[in-house]
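Take a moment with the model before reading on.

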Amino acid sequence: MNSPPVRPTEDASVIAESLERPEVFGELFRRHAADIHRYAARRLGDAAADDITAETFLIAFRKRAGYDLARPSALPWLYGIAANRIGEERRSEVRRLRAMARNGPTGAEPWTDRADSRVTAESAHRLFAGALAALPARDRHVLLLVAWADLTYQEVAEALSIPVGTVRSRLNRARRKLRAAAGAAALPDPVRNDVSRAQEATSHG
């Protein structure tokens, strides 16, 4: 009789177990696929999110032997893989953002919940989308991993394999460019509440 599926407490334990029992890796998908799909959909739209999510977990499965088992949660790692795949589709993302800048968000669900909660005017959405489109891809990655994926500076550093100081500088540069592009206080700041939370994590790292 087959043994029941293993549900280790930490993601790292799932990955370690999957090296001997590959089928166990499916637990990681069950835990985190919805988060990765939601993030991909916000950046590239629903049509691309299925593919990005599937590819993220396929890449993660193939690279699982190199995962740092000292990191209990695999979510930052998965977000990093997804961000890299989204980066390969950066032209599609920029086209999507520019379309939003022209026409406003479309669909039943707002394209950014955080902007909705702070500024409801459609003009603010358009302004925010246009400013995001103008950012370099590397700065946009950092900004949106903090603002949409709720990662700390340290987690973004792990996700993108960059120093924490680079995360801080890219985020600050992105925020300055967004504000400069807005030319007014109407631009929603997607990271205002994240910064105080992230600073504690980075002040010790």
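In which hand, left or right, does helix 2 pass helix 4? The crossing is right-handed. A crossing is called right-handed if the near helix is turned clockwise from the far one by less than a right angle, and left-handed if anticlockwise. Helix 2 covers residues 26-44 and helix 4 covers residues 75-88. Their axes come within 10 Å and cross at roughly 35°. Each axis is a line fitted to C-alpha atoms over the stretch in contact, and angles run from 0 to 180 degrees between N-to-C directions.

Helix 2 makes the contact with L28, H32, D35, I36, Y39, A40, R43 and L44. Helix 4 answers with L75, W77, L78, Y79, A82 and I86. Contact here means heavy atoms within 4.5 Å. By class, these residues are eleven nonpolar, one polar and two charged. Ala, Val, Leu, Ile, Met, Phe, Trp, Tyr, Cys and Pro count as nonpolar, Asp, Glu, Lys and Arg as charged, and the others, Gly among them, as polar. An α-helix has 3.6 residues a turn, so residues three or four places apart point the same way.

## The model and its fold

This is a predicted model, in which local features need pLDDT of at least 70 and side-chain atom pairs count only at pLDDT 80 or more, while totals for chains, interfaces and linings use all residues. Residues are numbered from 1 along each chain as its sequence is written, and side-chain values use heavy atoms, with hydrogens and water left out.

The protein has eleven helices and zero strands. Helices (H or I, at least four residues) and strands (E, at least two) are DSSP runs, numbered from the N terminus. Of the 205 residues, 46% are buried. Buried means under 20% relative accessible area, exposed means over 50%, and partly exposed lies in between (1.4 Å probe, protein chains only). Take the contacts between residues at least 6 apart in sequence: 63% of them join residues at least 24 apart.

## A pocket and a cavity

The second largest pocket holds about 190 Å³ of space. A pocket is an open set of points on a 1 Å grid over the protein atoms alone, with protein on both sides within 12 Å along at least five of seven lines; a cavity is a set of points where a 1.4 Å probe fits but cannot get out; lining residues have an atom within 4 Å of a point. Grid points are joined across faces, edges and corners, and a volume is the space filled by probe spheres set on the points. Helix 4 gives the largest share of this pocket's lining, six residues. Helix 9 (153-160) also supplies at least two. The lining has five nonpolar, three polar and four charged residues. Among them are K63, W77, E158 and S161.

How many cavities of 30 Å³ or more does the structure hold? There is one. The volume of the largest cavity is about 30 Å³. Its lining is Y67, R71, S73, P76, W77, E158 and A159. Helix 4 and helix 9 are the elements that give two or more residues to this lining. Four of the lining residues are nonpolar, one is polar and two are charged.

## Buried places

Helix 8 (residues 137-147) is largely enclosed by the rest of the structure, because nine of its eleven residues are buried. The buried residues include D139, R140, H141 and V142.

A133 sits in helix 7 (residues 122-134). Its relative accessibility is 8%, so A133 counts as buried. Beyond its neighbours within four places in sequence, A133 is in contact with V94, L97, R98 and R140. R91 is 42 residues from A133 in sequence, yet 9.6 Å away in space, C-alpha to C-alpha.

T53 belongs to helix 3 (residues 46-62). Is T53 buried or exposed? T53 is buried, at 6% relative accessible area. Not counting residues up to four places away in sequence, T53 touches F29, A33, I36 and H37.

## Two loop residues

D150 is in the loop between helix 8 and helix 9. D150 is not a glycine, but has a positive phi of about 60°. With a relative accessible area of 40%, D150 is partly exposed.

S161 is in the loop between helix 9 and helix 10 (164-182). S161 has a positive phi of about 55°, and is not a glycine. At 68% relative accessible area, S161 is exposed.
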